[in-house]
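Dear colleague,

Please find below the structure that I am handing over to you, with its sequence. My findings follow directly after it, and I would ask you to read them with the model open beside you.

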Amino acid sequence: MMGGGLTATANRVRFGIQSAHEIVETALHELETRDHAWHCTTRLLSERALRMADTVDARIKDGDQVGPLAGVPFGVKALFDLEGITTTAGSVVLKGNPPARRDAAVIQRLIAAGAIPVATLNMDEFAYGFVTENAHYGTTLNPHDPTRLAGGSSGGSAAVVATGILPFALGSDTNGSIRVPAALCGVWGLRPTQGVLPLEGVYPFASSLDTVGPLAARAEDLRCVFEAMSGTPVADIDDVMSFRVARLGGWFAHDLPPALLEGLDRIMAFFGSSHEIELSGVERARSAAFVISASEGGNLHLPRLRKCPMDYDPATRDRLMAGALLPAAAFIQAQRLRNAFRNCLRELFKTTDILIAPTVAGVAPRINASTILVDGKSVPARANLGILTQPLSLGGMPVLAAPLAPHPNDAEPRLPVGVQLIAAPGREDVLFAAARALEQAGILGYLTLATS
Amino acid sequence: MSETEQDQITEVRLLARQVNLPIPVACLPGVQANLAFLRTHVDLVESVSLPDDCTPAYVFTP
């Protein structure tokens, strides 16, 4: 429904070619009639969305400026506040909470830019997982192969974009929860620089590492949405060939399938670089992220775990309880290690503009076999799909998750695999410039269902 | 349940008591397994020697 990207959609609305009401009504109808196949949504915001669309149409009629995302519908991971609705964070534990008094800060900014939230989206309970298998709201299926996982925890967000029904969605990323499902569903996602986007009105998981960001079907759409969310235009960089690009080896080079290796080679060849860097302490960085997440998540939920443990998704409950039992010494050491790792990365970015790494070491796992192979061992997907994203969360730098384009020589369509582009803190402009160039070169980008 | 497993469950109960967290019996094996998993990560984090001036990365802007 969004041919030409969301800028084209917004322009059709702004210039009166198509009404926001029609666009939103179509999106709602598509979700209502087709989403049973994937289970991306947990709630449709039909009445509110149509009312907002009518307001946009009325303002255009009055000659008002309605913003660059005029009439563009989007979905919201179920941990963002929406005025008048109780935020569930993918759980039933919070159902007694009062409805949110206002929209989350980033949603307010998107609405100010003309965009319209139309649905809440499925996730792992309290964002604690990489699979979007939720005991309360069901499993979100991968639109490219419904026998496979969509990834998580922002699985509903990635999957709904992959269906082509919505052009963008919001997710959160603590350890990879935007990047992992983006990779498995073949869409774009951004974990912005830690702290650059406000978290007001976003239900926390591990506040030391929490970020929010967009997922979209195209690099340019991702950039437009990020600009609206941050309230600041992203600077244009034309000379992408001057970027100093390096590929991460070691930890990031294990168990990669041929499609990923070939894609990484194509990216490096595009930039004319063969530079490979082995980051030291990556495994410990991942462990530090694990310990911080478990400790902060466990502490956050401790009062409710005392009162109503059996209301939690069993997979989440046992992890949160274990986290609540960790000693303070482990948490503090992890936070010290975080500073050391961040300093190491700061040094690295003095001589490098972009680091390239795979996002997930393979395609989406099958739903009935929720394990993956790591170094030849079968481990649970729920905790381990983020093995390549989690260490990078510790540094706080921006990471853009991008789908690799199918190779021209592929005999038949293959399932999505993705890469991470990593830049120095605050340099989202570098990432978007590289992403645009690689998309235009046919190296990055994957089709959504509606455009297949 | 082996003696080792029984000891591990007893330890989980003791740790839980320290934070006033009653753990339902049905949850004990799952919590124990997750705690054992987390401890492999704690061991890795604690295996690194950091200088005294490397402070924790708490985020606090007054």
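In this predicted model, 63 residues of domain 1 of chain A are in contact with 68 residues of domain 2 of chain A. The domain assignment places domain 1 at residues 5–230 of chain A and domain 2 at residues 240–451. Taken over C-alpha atoms, the centres of these two domains are 21 Å apart.

The size of an interface is often given as the accessible area lost when the parts come together. For domain 1 and domain 2 of chain A, the buried area is about 5200 Å², and carbon and sulfur atoms give 60% of it.

Which side chains meet in a salt bridge? They are those of A:Arg436 and A:Glu220, with a distance of 3.1 Å from N to O. The count of salt bridges between the two domains of chain A is one, while 31 residue pairs are in polar contact between them, both residues having pLDDT 80 or more. Several elements of chain A give two or more residues to the side of domain 1 that touches domain 2, among them strand E7 (145–149), helix H5 (155–162), helix H6 (179–185) and helix H7 (219–230). Helix H6 of chain A gives the most to this side, with six residues. Sorted by class, this side of domain 1 has 34 nonpolar, 18 polar and 11 charged residues.

I turn now to the contact between the two chains. Here 32 residues of chain B are in contact with 37 residues of chain A. The area buried between chain B and chain A is about 2900 Å², with 73% given by carbon and sulfur atoms. Three residues, B:Leu38, B:Val45 and B:Ala57, supply 19% of the area that chain B buries against chain A, which is more than any other three residues.

How many salt bridges are there between chain B and chain A? The count is zero, whereas 10 residue pairs are in polar contact between these chains, both residues having pLDDT 80 or more. Helix H1 (3–18) and helix H2 (28–46) of chain B each supply at least two residues of the side that touches chain A. Helix H2 of chain B gives the most to that side, with 11 residues. By class, the side of chain B that touches chain A has 24 nonpolar, six polar and two charged residues.

There is also a database record to consider. UniProt, in an unreviewed entry, places the feature "domain: Amidase" at residues 22–238 and 315–430 of chain A.

- The peptide bond from A:Gly152 to A:Ser153 is cis, with omega near 10°. A:Ser153 is found in the loop between strand E7 and helix H5 of chain A.
- A:His39 is not a glycine, yet A:His39 has a positive phi of about 65°. This residue is found in the loop between helix H2 (20–34) and strand E1 (41–44) of chain A.
- A:Glu133 lies in strand E4 of chain A. A:Glu133 and A:Ile367 are 234 residues apart in sequence, and their C-alpha atoms are 8.9 Å apart in space. Leaving aside neighbours within four places in sequence, the residues in contact with A:Glu133 include A:Asp124, A:Leu149, A:Asp313, A:Ile367 and A:Arg382.

Yours sincerely,

How values were computed: Residues are numbered from 1 along each chain as its sequence is written. Chains are lettered from A and ligands numbered from 1 in the order in which they are written. This is a predicted model: local features need pLDDT of at least 70, side-chain atom pairs count only at pLDDT 80 or more; totals for chains, interfaces and linings use all residues. Side-chain values use heavy atoms; hydrogens and water are left out. Domain bounds come from an automatic or database domain assignment. Contact means heavy atoms within 4.5 Å. Buried area is the accessible area (1.4 Å probe) that two parts lose on being put together, summed over both. A salt bridge is a side-chain nitrogen of Lys or Arg within 4 Å of a carboxyl oxygen of Asp or Glu. A polar contact is a pair of N or O atoms within 3.5 Å; within protein, one must be able to donate a hydrogen and the other to accept it, and residues adjacent in sequence count only if both atoms are side-chain atoms. Helices (H or I, at least four residues) and strands (E, at least two) are DSSP runs, numbered from the N terminus. Ala, Val, Leu, Ile, Met, Phe, Trp, Tyr, Cys and Pro count as nonpolar, Asp, Glu, Lys and Arg as charged, and the others, Gly among them, as polar. UniProt positions are given in the numbering used here, feature names are shortened, and annotations may be inferred rather than shown by experiment.
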